[in-house]
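Trainee: I have a structure open and would like to learn how to read it. Where do we start?

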Amino acid sequence: MTRQTIAILDFGSQYVQLIARRVRENQVHSMIFAPAVSPAVLKQNNVIGLILSGGPASAYAEDAPQPDPAIFDLNLPTFGICYGMQVVCRHLGGAIAPAQRHEYGRTSLHVQASDPLLAHVPREAAVWMSHGDIVADFGPDFTTLARTKNCPNAVVKHKHRSIYGVQFHPEVTHTPQGGQILRNFLHEICRAEGTWCPGGIIEEAVNNVRDQVRPGTQVICGLSGGVDSSVTAALLHRAIPGQLTCVFVDNGVLRANERDRVEAIFKGHFKMDLRVVDAAERFLSRLAGVVDPQEKRRRIGHEFIDVFREEAANIPNAHFLAQGTLYPDVIESGHSAAGTAANIKLHHNVGGLPDELGFELIEPLRDLFKDEVRIMGEVLGLPEEVVWRHPFPGPGLAVRILGEVTRERCDLLRKADQIIIEEITVAGWYRKIAQAFGVLLPIPSVGVMGDGRAYADQHVVAIRFVESSDFMTADWVHIDHGILARISSRLTNEVPGVNRVVYDVTSKPPSTIEWE
């Protein structure tokens with residue numbers, strides 16, 4: 001590889017891909033590597049700088065992930081974040097110990113010395129901390145650039161080499177000056193040219209698909225109609241025309257009118273080979289009596305594979321299955337380059353697939369965030385209403401219906417969801433909201449319907465509106481109350497069985513965006 005690359009060593013942080021994304025936002029190519037990546041691999045990829053991520057381990061633990069010490073002999077500019085800082089300092093003569101006081105959340109950074117890393121950063125700046133250990137002894141080769149109340153060495157620099165460490169997380173939006181600090185590292189310290197652009201993702205992804213898919217073989221793409229699978233299909237259509245068959249499965253837990261819309265765009269406009277499978281009854285029967293969300297995801301994932309196997313039997317030389325898996329799906333399912341990320345929830349297309357799958361997977365979007373995928377969709381010529389459509393979970397309404405999934409409950413939530421989207425679209429809020437949906441709660445609610453008491457057959461719908469750029473973190477939307485009032489009125493008047501509407505005002509973290 002000849003283009004300049006920043007290597008990010010993944011020590012298991014939930015936010016490692018955020019670091020990669022922040023680097024790309026500065027027009028610099030980034031790649032994520034396992035902690036013990038060799039100097040030879042870094043040289044092969046024209047690495048001009050190293051970023052070591054945070055992680056859940058303690059750097060002094062026997063089984064803690066560690067870098068190859070030889071990478072420090074490459075004399076590359078190096079930036080350690082949280083655990084990454086501790087690892088760097090430990091390998092260069094420092095000592096790590098538990099902090100007397102753990103730091104979690106926002107705190108104030110006090111800049112004590114001028115340095116290119118902190119150029120244009122105010123003397124007092126808010127930063128986001130999340131650590132239980134600190135560097136207790138830096139040895140003679142490091143100097144302190146900034147501190148916080150409980151961390152006397154919040155930013156440090158090696159006295160003789162371009163090696164830096166920060167105890168806080170500059171990659172998250174909760175550190176307002178974090179973007180400036182990363183820009184300084186990339187452009188002032190690594191001297192990155194800043195010539196990479198998101199359009200390069202398409203060229204690289206197309207080439208990767210062509211390298212993976214053998215001539216004469218066919219690829220089955222699970223097309224749901226959402227942004228991720230739509231971009232995957234359009235990308236494969238460009239990369240391997242004539243070798244792609246898209247399969248749309250009507251599983252009974254989709255949004256309203258989804259089937260007609262998908263056929264119009266992909267079969268009508270793009271002229272793709274699209275096969276529609278009516279499998280609502282088999283999916284709903286598999287979900288009968290199931291209330292555990294992880295089990296819902298597992299059953300839906302397995303049923304999808306069974307459907308694709310059956311379709312593959314009618315597609316000669318079908319050897320590959322393409323999916324629109326994104327990095328947030330991967331990291332929340334406990335997968336990372338370090339292999340140490342926490343398992344937050346299963347995604348039906350990550351880790352939940354049976355071992356006897358029978359297909360080789362193609363996941364061209366696996367290392368990307370939603371905003372990058374939207375850029376690809378625009379370049380690939382997808383309609384605006386597809387590119388900017390709100391995310392929809394792979395298991396569909398099954399994980400927005402708390403409790404048992406039935407056809408009647410699906411129909412109820414489908415109608416409620418349609419009303420919610422209609423109202424925010426008419427009010428001009430659709431593009432202001434990253435994700436909007438309703439959740440059907442398994443809570444009967446007392447109400448007055450037709451001058452009489454109603455209870456047993458009445459339901460509660462929770463409305464969830466979030467704003468987010470990467471879907472790794474999200475805040476609830478402070479939407480106009482008049483819009484909420486109209487939605488509530490329509491839901492209780494037009495959707496039989498709904499007599500109470502509530503609004504979710506929880507951020508991610510601590511919650512996830514979806515309720516299940």
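**Helices that pack**

Mentor: The axes of helix α8 (residues 280-287) and helix α9 (residues 293-312) come within 10 Å and cross at roughly 150 degrees. That makes α8 roughly antiparallel to α9. Keep in mind that this is a predicted model.

Trainee: What describes two packed helices in general?

Mentor: Two values: the angle between the axes, and the distance between the axes.

Trainee: Which residues of α8 and α9 make the contact?

Mentor: From α8 come R282, F283, R286 and L287. From α9 come K296, R299, I300, H302, E303, F304, D306, V307 and E310. Sorted by class, this contact of α8 with α9 has 5 nonpolar, 1 polar and 7 charged residues.

Trainee: Let me try another pair. At what angle do α13 and α14 pack?

Mentor: Helix α13 (residues 407-426) and helix α14 (residues 481-494) pack at about 150 degrees, and their axes are 10 Å apart. An angle over 145 degrees counts as roughly antiparallel, so α13 is roughly antiparallel to α14. Their crossing is right-handed.

Trainee: Which residues meet there, in α13 and in α14?

Mentor: In α13, look for K415, A416, I419, I420, E422, E423 and I424. They meet I483, R486, I487, R490, L491 and E494 in α14. The residues of this contact of α13 with α14 divide into 7 nonpolar, no polar and 6 charged.

Trainee: Now α6 and α11. What are their angle and the distance between their axes?

Mentor: Helix α6 (residues 227-239) and helix α11 (residues 370-379) pack at about 45 degrees, with axes 10 Å apart. That angle makes α6 oblique to α11. The crossing of α6 past α11 is left-handed.

Trainee: How do the strands of a sheet pair?

Mentor: They pair through backbone hydrogen bonds, either parallel or antiparallel.

Trainee: How many bridges link β13 and β14?

Mentor: Strand β13 (residues 318-322) pairs with β14 over 3 bridges, in the parallel sense.

Trainee: How many aromatic pairs does a search of the whole structure find?

Mentor: There are 7. One of them is formed by F11 and Y83. Read a pair by the distance between ring centres and the angle between planes. F11 and Y83 are 5.3 Å centre to centre, with 50 degrees between the planes, and the pair is tilted.

Trainee: Where do F11 and Y83 lie in the chain?

Mentor: F11 is in the loop between β1 (5-9) and α1 (16-25), and Y83 is in helix α3 (residues 83-91). They are 72 residues apart, and their pair links distant parts of the chain.

Trainee: What joins K508 and P509?

Mentor: A cis peptide bond, with omega about -15 degrees. P509 is in the segment after β20 (498-503). The bond from P509 to P510 is cis too, with omega near 15 degrees.

Trainee: And is the phi of H120 positive or negative?

Mentor: Positive, about 65 degrees, although H120 is not a glycine. You will find H120 in the loop between β5 (95-111) and β6 (124-137).

Key: Residues are numbered from 1 along each chain as its sequence is written. This is a predicted model: local features need pLDDT of at least 70, side-chain atom pairs count only at pLDDT 80 or more; totals for chains, interfaces and linings use all residues. Side-chain values use heavy atoms; hydrogens and water are left out. Axes are lines fitted to C-alpha atoms, for helices over the stretch in contact, and angles run from 0 to 180 degrees between N-to-C directions. Helices (H or I, at least four residues) and strands (E, at least two) are DSSP runs, numbered from the N terminus. Angles under 35 degrees count as roughly parallel, over 145 as roughly antiparallel, 65 to 115 as roughly perpendicular and the rest as oblique. A crossing is left-handed if the near helix is turned anticlockwise from the far one by less than a right angle, and right-handed if clockwise. Two strands pair if DSSP finds at least two bridges between them. Rings of Phe, Tyr and Trp (its six-membered ring) pair if their centres lie within 6.5 Å; planes under 30 degrees apart count as stacked, over 60 as edge-to-face and the rest as tilted. Contact means heavy atoms within 4.5 Å. Ala, Val, Leu, Ile, Met, Phe, Trp, Tyr, Cys and Pro count as nonpolar, Asp, Glu, Lys and Arg as charged, and the others, Gly among them, as polar.
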